[in-house]
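Student: Please take one part of this structure and look at it closely with me. I would like a slow, connected explanation that begins with the whole and then settles on that part.

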Amino acid sequence: MPKAIIDEFTSLPISRQQRYQLRKRRDRKCIRCGQPPVKEGNFCETHRQAHNVLTRELQRKRFDRKHRDYYSESYSFSFSAGRLLYNAANSYFESGRSCTSPTEASYDLRVALFLGFNAVEAYLRTVADQFEVRFKQTHHLDRRIEYLFRKLSTEPLDQTSSYWKDFKQALKLRDQLQQLRTRSGVDVGAIEQALGSIRRLLNALNSGIYRSRWA
């Protein structure tokens, strides 16, 4: 059992999380992960970006804002690139699901799937750049994910989980669609399952690395 911490914050009538943050701020560390903060702030660069994007989206929801200023700093973050791609994937999926033309529906669903995997690639690049991880060019996507779980995550990859099994199925579907030259019909349920597996997988990895949800 860890030794109890006795300091100026111990007797304050606040939550353990607030005590943790006050101690990190006192020690000039990121209040989320304990890494060195950016300048005089409360966050490291990764969590500063995460906090910036979260605040932006909460303000948009609060004031029901429709316009997006893509030239602002938060939209240039590599941290948010994966989320923007994933949101675009969901938009194409919804378009394909509601489309009455089979050809157009197939096109939108294919784009949704490929954008979903682009979101995974963007996320992996962000993490790899931050922690200076170098992948071999021959490493497949699932191998790179397994490597990051082993190297950086506090929680191991559960290869018996439904999200990992669904993600492996999504990889097979993507490879099949890339090889097909004709625009054959695409199953809506399969694309929905694939996008769901991507979100759950990245949530698990992000939680293990940053102790927070990805989306």
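Tutor: Of the 215 residues in the protein chain, 40% are buried, where buried means under 20% relative accessible area, exposed means over 50% and partly exposed lies in between, with a 1.4 Å probe and protein chains only. This is a predicted model, in which local features need pLDDT of at least 70 and side-chain atom pairs count only at pLDDT 80 or more, while totals for chains, interfaces and linings use all residues. Residues are numbered from 1 along each chain as its sequence is written, and side-chain values use heavy atoms, with hydrogens and water left out.

The protein chain has 7 helices and 0 strands, and its pattern along the sequence reads α-α-α-α-α-α-α; helices (H or I, at least four residues) and strands (E, at least two) are DSSP runs numbered from the N terminus. The C-alpha trace spans about 70 × 40 × 30 Å along its principal axes. If we take the contacts between residues at least 6 apart in sequence, 52% of them join residues at least 24 apart, a contact being heavy atoms within 4.5 Å.

The part to look at closely is helix 5, residues 141-152, together with the helices it meets. Two packed helices are described by the angle between their axes and the distance between the axes. The axes of helix 5 and helix 7 (residues 188-210) come within 9 Å and cross at roughly 25°; these axes are lines fitted to C-alpha atoms over the stretch in contact, and the angles run from 0 to 180 degrees between N-to-C directions. Helix 5 and helix 7 are therefore roughly parallel to each other, since angles under 35 degrees count as roughly parallel, over 145 as roughly antiparallel, 65 to 115 as roughly perpendicular and the rest as oblique. Their crossing is left-handed, a name used if the near helix is turned anticlockwise from the far one by less than a right angle, whereas clockwise gives right-handed. From helix 5, I145, L148, F149 and L152 meet L201, A204, L205, G208 and I209 of helix 7. By class, this contact holds 8 nonpolar, 1 polar and no charged residues, with Ala, Val, Leu, Ile, Met, Phe, Trp, Tyr, Cys and Pro counted as nonpolar, Asp, Glu, Lys and Arg as charged, and the others, Gly among them, as polar.

Helix 5 also meets helix 4 (residues 102-131), where the axes come within 11 Å and cross at roughly 40°, which makes helix 4 oblique to helix 5. This crossing, too, is left-handed. On the side of helix 4 the contact is made by F117, V120, E121, L124, V127 and F131, and on the side of helix 5 by L141, R144, I145, L148 and L152. These residues divide into 9 nonpolar, no polar and 2 charged.

Although E132 is not a glycine, its phi is positive, at about 55°, and with 64% relative accessibility E132 counts as exposed.
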